[in-house]
Amino acid sequence: NDVRGREHGNRKPTLRPQAKDDYIRRTSVQYHWRNFNHLSRKPFVSFEDYLGSFRSKRRINIRRERQKVLEDEGIIIDAIRGREILRHEGLTERMFEIYKSTIDKMYF
């Protein structure tokens, strides 16, 4: 079974010729979000437009969660685009921590 093309792998260090079973499996998760509403076939124009793509119960839960964060934690939410993220020291590292904690909690 040839694994190339189906999984990402790194070869084990060895002094003998490489064989196809010398792969170490490496699994990862990546998030790629696209601003595209599959119902209207157009980009979302606002957060409310995005919420409109969910069922009512989910929209209510998201709004509650966001309100709770604002009230209880005093967190401010800013939109940062593209390379602007590099202007904020430590932000990419913090984002990685948040994504990793999500994967650790919700991975299925």
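This is a predicted model: local features need pLDDT of at least 70, side-chain atom pairs count only at pLDDT 80 or more; totals for chains, interfaces and linings use all residues.

Colleague: Why do Arg-63 and Glu-48 count as a salt bridge?

Modeller: The cut-off is a side-chain nitrogen of Lys or Arg within 4 Å of a carboxyl oxygen of Asp or Glu. For Arg-63 and Glu-48 the closest N and O atoms are 2.6 Å apart, so the pair passes. In general, side chains of opposite charge can pair when their charged atoms come close.

Colleague: What makes the Arg-63 and Glu-48 pair a link between distant parts of the chain?

Modeller: Arg-63 sits in helix 2 and Glu-48 in helix 1, 15 residues apart.

Colleague: Which label does Arg-63 get, buried, partly exposed or exposed?

Modeller: Buried means under 20% relative accessible area and exposed means over 50%. Arg-63 is at 36%, so it counts as partly exposed. Glu-48, with 46%, is partly exposed too.

Colleague: And why is Asp-104 called exposed?

Modeller: Asp-104 has a relative accessible area of 55%, and the cut-off is over 50%, so the label is exposed. Its salt-bridge partner is Lys-100, with the closest N and O atoms 3.1 Å apart. Lys-100 has 40%, so that one is partly exposed.

Colleague: How do you know that Glu-97 and Arg-94 are about one helical turn apart?

Modeller: Because they are three residues apart in helix 3. Glu-97 and Arg-94 form a salt bridge as well, at 3.0 Å between the closest N and O atoms. The structure holds four salt bridges.

Colleague: Why can Leu-70 be part of a surface patch?

Modeller: A patch residue needs over 30% relative accessible area. Leu-70, in helix 2, is at 42%, so it clears that and counts as partly exposed. Leu-70, Ile-75 and Ile-77 make up the nonpolar patch, with about 270 Å² of accessible area together.

Colleague: What about the largest pocket: which residues are closest to its centre?

Modeller: The largest pocket has a volume of about 2,400 Å³. Of its 40 lining residues, Arg-66, Met-95, Ile-98, Tyr-99 and Thr-102 are closest to the centre. Helix 3 gives the most to that lining, with 13 residues.

Colleague: How do the residues of that lining divide?

Modeller: Into 25 nonpolar, six polar and nine charged.

Conventions:
Residues are numbered from 1 along each chain as its sequence is written. Side-chain values use heavy atoms; hydrogens and water are left out. On a 1 Å grid over the protein atoms alone, a cavity is a set of points where a 1.4 Å probe fits but cannot get out, and a pocket is an open set with protein on both sides within 12 Å along at least five of seven lines; lining residues have an atom within 4 Å of a point. Grid points are joined across faces, edges and corners, and a volume is the space filled by probe spheres set on the points. Helices (H or I, at least four residues) and strands (E, at least two) are DSSP runs, numbered from the N terminus. Ala, Val, Leu, Ile, Met, Phe, Trp, Tyr, Cys and Pro count as nonpolar, Asp, Glu, Lys and Arg as charged, and the others, Gly among them, as polar. Patches are made of residues with over 30% relative accessible area and no salt bridge: like charges are joined within 9 Å, nonpolar side chains (Val, Leu, Ile, Met, Phe, Trp, Tyr) within 5 Å. Accessible areas come from the Shrake-Rupley method with a 1.4 Å probe; for residues, only the protein chains shown count as cover. Buried means under 20% relative accessible area, exposed over 50%, partly exposed in between (1.4 Å probe, protein chains only).
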